[in-house]
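Here is a short tour of a few residues, written to be read with the model open beside you. Let's take a look together.

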Amino acid sequence: MNKQVVSFLSLFSLVLVLSIYYVMIPASRENIKNVDNQISSNNEELTIDNASNLFFTTLQENRKTRHDEVKNTQIDILASDQYTNQQKLEARNKLTHEELLETTEKGLESALNELEFNDIFVEKLDNYFYVTAYDKTLKSDDDILKVVAISDIYNNYLSSHDVGVLANCKPIVYFVSF
């Protein structure tokens, strides 16, 4: 009896895994076919610019989703009657902090755009602002100069804007290449 149960469960789990696999595959194959058709119809290949745009667009969308989730959670707490006034006050403070964080990240990106990078992305994690920059003309000799310029603009932005405790965060700079 135990062998029958084990064999049934094994077969059932195999069928389940394969069915999930086959449900997920058609969407992926259609996307690949669409990309292949676009490339073959235009007789062009994907360029580095497209890869960098996709990379930075994905980073920005993920950041926006993360901010929206935090803000929506805090708004739900504020709108609910299930929470105490203290919890609502904490939610309001978190909401204000998240809005300030989002504004600061976008503001730093705008300020750093004067360095004329092809793409730039700023995100705060823990006690750091991670600056990810792409410049297709950047040479390794320019790295230190760009880091100093980024640091100067970063410090000027934080000192000229009321960012509260975010002013204590340090920048970490990454240069990416494609």
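## About the model

This is a predicted model, in which local features need pLDDT of at least 70 and side-chain atom pairs count only at pLDDT 80 or more, while totals for chains, interfaces and linings use all residues. Residues are numbered from 1 along each chain as its sequence is written, and side-chain values use heavy atoms, with hydrogens and water left out.

Start with Asp135, which sits in the loop between strand S2 (128-134) and helix H4 (143-160). Helices (H or I, at least four residues) and strands (E, at least two) are DSSP runs, numbered from the N terminus. Asp135 counts as buried because its relative accessibility is 12%; buried means under 20% relative accessible area, exposed over 50%, and partly exposed in between (1.4 Å probe, protein chains only).

Leaving aside residues up to four places away in sequence, Asp135 touches Glu116, Phe117, Asn118 and Lys146, a contact being heavy atoms within 4.5 Å.

## Thr104 in helix H3

Thr104 belongs to helix H3 and is buried, at a relative accessible area of 2%. Beyond residues up to four places away in sequence, Thr104 touches Phe129, Tyr157, Leu158, Val163 and Leu166.

## Two positive phi angles

Glu116, one of the residues that Asp135 touches, lies in the loop between helix H3 (85-112) and strand S1 (119-125). Glu116 is not a glycine, yet its phi is positive, near 60°. Glu116 is exposed, since its relative accessible area is 66%.

Asp126, in the loop between S1 and S2, is another non-glycine residue with a positive phi, about 55°. With 64% relative accessibility, Asp126 counts as exposed.
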